[in-house]
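Let's take a friendly walk through a protein structure, one piece at a time. Keep the picture open as you read.

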Amino acid sequence: MSAPMTSDCGKVRRDREEMKLTPAILEATYNFVRATPPFRNWRLPAGHQVRFRVLKTRKKLGVYQWDNQVGHVVSVSEGKVSHTIVLVPLMAHEMVHLYQQMCGTDTKTEHNAEFIRLALIVCRHHGFDPKEFT
Ligand SMILES: [Zn+2]
C-alpha cells in the first residue's frame, strides 16, 4: 500500500518500503498469534523459547523444524515474505507444525489429516482461506 503515513511529528510522508524481516519481527508475530484462539489454548512455548530465522531463499515461504540442538525453529523467507497479510497466516501455519511436533502427531506426510483438522480450526478463527493455508 502507498497510503500517506503520518509520522510522530505530524508531517505526512510516503512510505513505500517493504517490511524487512528480522528475527524480532518473527518473534513478535509468533507471540501475537500465540495469544489468539485456538493457539492460546495449545500451551505453545513463549516466543523467546523458539528460534526464529530469516531465510534468503525464494524457494519456499517458510518452514518449521525441530532441531535437537536448539529446539523449535521457525524460518521465514525474506525473499518471499514482506507483507503482514502474508506473514501472519504463514506464522500460524508453521505454529500448527510446531504444535504437532509437541503433541507427537506429526508424520512424514507434510500435512497429515491432523494438520488439516487443526488448520481448518485456525482458518475459522482467523478468516484465513483454507485453500491457501494448507
Ligand atoms: Zn506446512
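## Getting started

A residue counts as buried if 20 or more other C-beta atoms lie within 10 Å of its own, as exposed if 12 or fewer do, and as partly exposed in between, with C-beta atoms placed from the backbone. By that rule, buried residues make up 24% of the 134 residues in this protein.

The model is a predicted one: local features need pLDDT of at least 70, side-chain atom pairs count only at pLDDT 80 or more, and totals for chains, interfaces and linings use all residues. Residue numbers start from 1 along each chain as its sequence is written.

## The overall plan

Helices (H or I, at least four residues) and strands (E, at least two) are DSSP runs, numbered from the N terminus. The protein has 4 helices and 5 strands, and reading along the sequence gives the pattern β-β-α-β-β-β-α-α-α.

Two residues are in contact if their C-beta atoms, placed from the backbone, lie within 7 Å. Among contacts between residues at least 6 apart in sequence, 43% join residues at least 24 apart.

Strand 3 and strand 5 run parallel and are joined by 5 bridges, and Phe 52 stands opposite Val 74 in strand 5. Strand 4 (residues 62-67) and strand 5 (residues 71-77) run antiparallel, with 6 bridges between them. In this pair, Gly 62 has Val 76 of strand 5 as its bridge partner. The two strands form a hairpin, with 3 residues between them.

A nonpolar core is a set of buried Ala, Val, Leu, Ile, Met, Phe, Trp, Tyr and Cys residues joined through C-beta atoms within 7 Å. The largest one has 22 residues, and Tyr 30, Val 74 and Met 91 are among those with the most contacts inside it. Helix 1 (23-34), strand 5, helix 2 and helix 3 each give two or more residues to this core, and the largest share, 8 residues, comes from helix 2. Leaving aside neighbours within four places in sequence, Tyr 30 is in contact with Gly 47, Val 50, Val 74, Met 91 and Met 95.

## A closer look at helix 3

Helix 3 (residues 113-126) has 14 residues and reaches 20 Å from its first C-alpha to its last. That is close to the 20 Å expected, a span worked out as 1.5 Å times one less than the number of residues.

Which residues of helix 3 are buried? They are Phe 115, Leu 118 and Val 122. Seen down the helix axis, the buried residues of helix 3 fall within an arc of 75° (taken from the directions from the axis to the C-beta atoms), so they line one face of the helix. The face turned away from them carries the exposed residues Ala 113, Arg 117 and Arg 124. Helix 2 (84-103) and helix 4 (130-133) are among what covers the buried residues of helix 3. After helix 3 comes Gly 127, whose phi is positive, near 75°.

Methods
Pairing = 2+ DSSP bridges.
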